[in-house]
Amino acid sequence: MKLPNLNEARKRTNNQVDYIYLDQSYDENTFKGQKYFLRTYGCQMNVHDGEEIAARLESLGFEATDTIETADVVILNTCAIRENAHDKLYGFLGRCKHEKEKNNHDLVIGICGCMAQEEGVVEELMKKHPYVDIVFGTHNIHELQELLLKKNEKQNIEVYSCEGNVYENVSYKRDSNIKAWVNIQYGCDKFCTYCIVPYTRGKQRSRKSSEIIKEVEELVKNGYKEVTLLGQNVNAYGKELDGEMSFAELLKAVSDTGIARVRFVTSHPWDFTDEMIKVIRDCDNIMPYIHLPLQSGSSRILKLMGRRYTKEEYLELYKKIREWVPNSSITTDIIVGFPNESDEDFKETLEVVNECKYDSAFTFIYSPREGTPAAKIDDKVTMDVKEKRLYELNELVNKYSLEANKKYEGKIVPVLIEGVSEKDNTKVYGYTDTMKLVNVVGAQDKIGEIIDVEIVDAKSFSLDGKAI
Ligand code: 5AD
Ligand code: SF4
């Protein structure tokens, strides 16, 4: 048994990162005939980890199922970013417990992902949820087989709180055969004072560019049209590796593979270079879509958040991107109610939103995360005030989303068609180069292709169009 440890997770040493080439030879008969149910919560990084977990389970003989009633193993791949992620997990665990007690005593329940890296969570699982069989963290997904084989032990908990390694030769069961996630870096060293990620995912470790390019080339060969380069701070790529490419150079190299579309998330304003903006401007297959988290419009709060930029520096960068890449769309993340955020601080956030007129924004109420510096601040702002601020911010953000979308009406734009629309099977859906969701009529036979679409109607969160 190995329990997570916050002090260990916080540590950053100069220890070298190991690049480990995984041996993927599994015995397909190990769990033949058994079924797994996998549920993933949270960000794209978790979704992509879910694709790895699925591949690993299937190589051991498991088949996927989408109900817990038909499953032999349930794996919950969790998110820790805000408290409501916890609530969702415990709600679902209740259902699993019921199923195990009433119908299937042999049901194996496993928890992994970011919550598994939290000391407090694992303590609670041990005390109050003894029916959970296995717990493993973000650093040891590749030990799933051993954990499943030892499942008869009482609560098998293996969570490493290390800085982390880089695993290569990973298999994925990708959710799509049109677009793919590609990790370029793991972990985060920024330690924004509100954020749990540097503790749950370890230090920043970049993959070698040669491995990344190899993976993208393989995806191109297999017919993929789009890759999204993934990392907590993609534009800090390579900084900790001697002689490695910069993110701008990596973007160019990925563009040179000839894949139809390249995207990347998430960029940190602090690491955004002019070279990056030029590469985005100059390479047609790098999509003009940038997610640029603001977090707060108040320099005072930004400083307390440890964000490393002021409101003015952010605005300067924002304007430069808009000027140099005029057709770009820019989205953001904003937190309201950081401890002791004043009315004046909040007003500055609204001012920045008024100035940037984002294409869209993800907005959150600050959620204290155990072990982070911000969680220790005595916060005088009530939840009522925070909720009102969120409401006001959302009104403004939605107004600008609609405005940005309205500009598309009557235009003809390229859309990568991804599949049949869930709500209306006479339509298909896809995304523009600028990451706008479009529901399209007349393109049933165009799934997997980039086609010209005329936009006939714009809403706050999607566009309607017809194929040309
Ligand atoms: N509370 C609220 N929102 C948070 N985020 C990260 N940590 C917290 C927190 N403790 C938001 C940030 C980040 C996004 C992924 O989640 O805006 O960019
Ligand atoms: Fe969290 Fe900041 Fe790292 Fe983003 S950059 S993952 S917000 S610590």
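This is a predicted model: local features need pLDDT of at least 70, side-chain atom pairs count only at pLDDT 80 or more; totals for chains, interfaces and linings use all residues.
1. A backbone N or O atom of Y194 sits 3.0 Å from a nitrogen atom of ligand 1. On its own, ligand 1 exposes 400 Å², and the protein buries 86% of that (Shrake-Rupley areas, 1.4 Å probe).

2. Residues are numbered from 1 along each chain, chains are lettered from A and ligands numbered from 1 in written order, and side-chain values use heavy atoms, without hydrogens or water.

3. The shell around ligand 1 (a heavy atom within 4 Å) includes I81, Q295, F364 and R369. By class, it splits into six nonpolar, two polar and three charged residues. Strands β15 and β16 (360-365) each supply at least two of the shell residues; strands here are DSSP E runs of at least two residues, and helices are H or I runs of at least four.

4. Now for α12, residues 343-356. Its 14 residues reach 20 Å from first C-alpha to last, close to the 20 Å expected at 1.5 Å a residue. Buried residues (under 20% relative accessible area, 1.4 Å probe, protein chains only) include F346, L350 and V353. What covers the buried residues includes α10, α11, β15 and α13. Just after the helix, K357 takes a positive phi of about 45°.

Note on methods: The expected span of a helix is 1.5 Å times one less than its number of residues. Buried means under 20% relative accessible area, exposed over 50%, partly exposed in between (1.4 Å probe, protein chains only). Contact means heavy atoms within 4.5 Å. A polar contact is a pair of N or O atoms within 3.5 Å; within protein, one must be able to donate a hydrogen and the other to accept it, and residues adjacent in sequence count only if both atoms are side-chain atoms. Ala, Val, Leu, Ile, Met, Phe, Trp, Tyr, Cys and Pro count as nonpolar, Asp, Glu, Lys and Arg as charged, and the others, Gly among them, as polar.
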